[in-house]
Amino acid sequence: MRNSCYYHWGWRFRLANVFPMEQALAACRDEAGHLPVDRIYDDTGWEKVTLPHTFNGTDLFTAPIEDGGSGQRRTCAFYRNRLRVPPEHAGKRVILTFEGVRQTCYLYVNGILAGYYEMGVGPFGFDMTPFLDDSGENVIAIATDNTSTRNIACCIAETPNAPNVRPGSYLQSQDEPVPESREGVGFFWNCNDFHPTLGGLSQPVRIFYKNPIHLTLPLYANLQSHGTYVYADHFDYERGTAQIHVEAEIRNLTSRAARCRIQARIHTPDGDPVAAFSSDSVQIPAAPWQPPLTMVPEDAYRWDEKTAHYLPADEDQVQPTCLEAAATRKICFSAPVSGLRFWEPARPALYRVEIKLTADENFADTLEIETGFRQVSYDRGRGVLINGHPVWLRGYAQRAANEWAASGIVPEWMHDLDARWIRESGANHIRWMHVAASPMDIRACDRQGVVCTQPAGDKERETTGRQWDQRVELMRNVIIAYRNHPSILFWEAGNNVISTKHMREMRLLRERLDPHSGRFMGCRTINTEETLNESEYAGTMLNRHAARFLAEHGPVTETEYCREEAPRRVWDDYSPPDFDYRNRYLGKGGRKQKGLDFYDLTSEDLALANARGYSEFFFDRIGGASGKNLYSACAALCWTDSAQHGRQSFSENGRMSGRVDAIRVRKQSFDVFRVMHSAAPAVKLLGHWNYPPADGGNYRARKKRFNGRFWEETEEPEIRDPRHKTIYCAGSYAVQKVLLSINGRQAGICEKPESGFLFAFPGIDITESGVIEATGFGYDGKAACHDRIETADAPAAIVLQPHTGPGGWRADGNDLCYVDIQVTDAQGRVCPLADMRIDFEITGPAVLLGGYNSGRFNGNGRQDSVIGQPYVYAECGLNRVLLRAGEQAGTVVLTAAAEGLLPARAILQTVFCEDDSPAVLYADPAGLPPASEDYFEPIPEADEVKYIPEAENYCKVLVNGQEPDSRGVRAVYRNGSVWGNVLCILERMERIAPERNLKYPKPVGLI
């Protein structure tokens, strides 16, 4: 008998489009005057939706990117459903769990408030038992909002845990003041640009039916429980043995004690048994427990008689953050297990641990935990060790929303694809930024072998008072919820430097709740030795803090490099139609401004910048050529183009720092990283081989001039020389030289790469069509790798390639299919310059969500966004669209057409699936590199040629312990003086040291 199910179907939804919550409730009364959370409310006219669901997914990328977010709708919304407790579960505890929400969840059961959650990050749950009718229909209603700071009048604030306080009535003032009696403490991370506001019930929801004596869930909010903790020690790598420990937490809500026993069975995801062992019988006393409405501590706020208002208490005047579970006892036991494969990025072996509870010899409860067993440690001379061998962690930083264009959210199997594509780029590490990644993304990283840095909640700086305690409480929740996931190696306490006291508090939190996993607690920036000594790892940003003493203490990870931006659609300065990236460029060192562009990079420029960026950390890694022995890990910003705040606010509708675009079509940057991340010989030619002839009309761009604020186009032509272009080929560390040939003729040999990974061939005539090839040679002198680009003929046809999840395209009203689009010539070769409009028609039980085009948006005098439209434009001959299945199985036909091209048709089937669990993809171990490829053994011959020491003495500038964002301009120590971005330093001093009364002119362009 199943004791849980996903609660995704039968929901009705209404967007209030009104805020605050009290006004939204009033605005959505039915004709009889009932509120949308009342039991007898009439919701027959509401929209039918399947969870997970977001109400503003199509808002993403439709407007030009802004510093404060991308114009997402932020408001209140309501969900309603019906629930009948199955007869076999009558009398049990009924627990409703959420993997996440953005930003709040106010749960009403039969019109009564059953609990609420306002943190907006992490999983949580509610015990609905006291509010349910076992014998009849129950109405589940949820009020939520996704309001956030910046560009909004006010947003949600935390509700004090006090009598006579209406949940959801406290507000954080933004553009407009709110009444003093309603002003509250907001959540620091509740900001659209750092935690994108994909509103609604956007993650899975599940119901658990539990006997009064049961195994708890790893949800401290609002269940006050730790769940079951599974870990291993005493590893024998050669024999595949380890001691497996189980700490099972039990809640006894009966009126008497019970003798309880736990059985553990370990098996593979395919069901093959591995081991079984049991605990002793333990007496578990009965303990009364009532589910709380909120997890906000009662002493977090105090009543102020003067203002007749609850005010936040100082963090030193409240009790320490509560870590204890309520009304629970643990049974701890262990056993040696043999025949194990240990989890590591190259071989992400997972197991399912089935936990069965008996009480007084009767079955009481069961749960299943998917986990992996691995040992993590640090050696100052070798770096991070996983299962005893060093691993060079390289990858990306990514906002935890991990949003997609056109849909906003995607089903779990597409999260698996995301992680798989990260691995295909040669990466094995992702740093989730600012707030905790979703359970779906962490599970995907478990399955695909991607090491994670997992934060709790932060924005950009230290906090104090109630906002700090909120962060600690969230970190508590996050550690408890995620500590069985093997992919997490780092807990991130802050996105910037925190105080020594706060670092100690976070480290002790990890030691208390997660003492056996080998994970490290630290933060993105650590500036003092005192704080370092309280941490377990240190982060840097743009290599501004690195020092050997950090690496002597623990792992050092570069958290954000390669912040440059460029769209996929602009190959280089030699490609039509513009032979340029047309934008409004502020100039290097300029101040980020709305409606202007901070970068002036083509796709080729971005790829070159990425190579320069990665080489710095690769050679500074422990064991690297620089001899500095600093880094164990590095993360480039970002994995995808995203709707977070960007710096191309005139030209783009997203942040263009990704290796793939917002719908996951690969950019040149992807392949450059794939090559650089490879320990085996690999090469990749940049660009294409369809450059037009030099006929006088081609290769003409407009010269730009600086007008005092930004670079603008003039009427004066700037002529490119296509007969003397530099062709670049990315080559991996193991490549000694690259031979370039054109149409079978040798065009050059490069034996000294730039930035360690770029083999340059100047003076190439790119107007010569045909075939260009690159052959890479290893250090044994033998040809080891090859890349080839062939000129395509004129566009002739459209090719559609649909992709569905494992088991087919589910007719559940939610599952997605993505369709890859290629514009090809008559021989099937992709046409790299094709940019025509492609129109779609769809028939059958599905909806076309559309696709994405960079640089097409509604704003800045334009109205050409393709989001939600039945057409897209090809970019470099490629694109992708998404389709959502309906609730009826049947045949779906998608037709694509473009002027002058043969149309294409894709025929698909949607299928019923009785299994309500999400479809997932596991890694194919045969397709992953061996463990040795996760560590780069030094090649002395390569280091001698490829590493070039820095010529300048770079340094960091701190203002009251905080480092200014220098807009990419590094500070140099030269002739006894510091040279850098003075404007940024002055801005920081003006902001955090107002007592200095600084007065200086504020230019709007270059420094």
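These are legends for a handful of close-up views of a predicted model. Local features here need pLDDT of at least 70 and side-chain atom pairs count only at pLDDT 80 or more, while totals for chains, interfaces and linings use all residues. Residues are numbered from 1 along each chain as its sequence is written, and side-chain values use heavy atoms, with hydrogens and water left out.

**View 1. The largest cavity has a volume of about 330 Å³.** A search of the whole structure turns up eight cavities of 30 Å³ or more. A cavity here is a set of points, on a 1 Å grid over the protein atoms alone, where a 1.4 Å probe fits but cannot get out; lining residues have an atom within 4 Å of a point. Grid points are joined across faces, edges and corners, and the volume is the space filled by probe spheres set on the points. In the largest cavity, 29 residues make up the lining, and S202, Q203, A400, A401 and S438 sit nearest the centre. Helix α3 (residues 439-448) supplies the largest share of that lining, three residues. Helices (H or I, at least four residues) and strands (E, at least two) are DSSP runs, numbered from the N terminus. Sorted by class, the lining has 15 nonpolar, 10 polar and four charged residues. For that sorting, Ala, Val, Leu, Ile, Met, Phe, Trp, Tyr, Cys and Pro are nonpolar, Asp, Glu, Lys and Arg are charged, and the others, Gly among them, are polar.

**View 2. The second largest cavity holds about 230 Å³ of space.** Its lining counts 20 residues, with H8, P411, D812, N814 and P918 closest to the centre.

**View 3. Four antiparallel strands make an open sheet, in the order β40-β39-β42-β43.** Strands count as paired if DSSP finds at least two bridges between them. β40 (745-750) and β43 (783-790) are the edge strands, each pairing on one side only. Direction ignored, neighbouring strands of the sheet are turned by 20 degrees against each other on average; the axes are lines fitted to C-alpha atoms, and angles run from 0 to 180 degrees between N-to-C directions. Strand β39 (residues 737-742) is joined to β40 by five bridges, and S741 has Q746 as its bridge partner in β40.

**View 4. T640 lies in the loop between β34 (633-637) and α9 (668-676).** The T640 side chain makes a polar contact with the side chain of Q398 at 2.9 Å. Such a contact is a pair of N or O atoms within 3.5 Å; within protein, one must be able to donate a hydrogen and the other to accept it, and residues adjacent in sequence count only if both atoms are side-chain atoms. As for α9, eight of its nine residues are buried, including F670, V672 and F673.

**View 5. Strand β9 (residues 137-145) is largely enclosed by the rest of the structure, because eight of its nine residues are buried.** Strand β4 (residues 76-84) pairs with β9 in the antiparallel sense over nine bridges, and C76 is partnered by D145. Strand β6 (residues 105-109) also runs antiparallel to β9, joined by four bridges; here V109 has I140 as its partner.

How values were computed. On a 1 Å grid over the protein atoms alone, a cavity is a set of points where a 1.4 Å probe fits but cannot get out, and a pocket is an open set with protein on both sides within 12 Å along at least five of seven lines; lining residues have an atom within 4 Å of a point. Buried means under 20% relative accessible area, exposed over 50%, partly exposed in between (1.4 Å probe, protein chains only).
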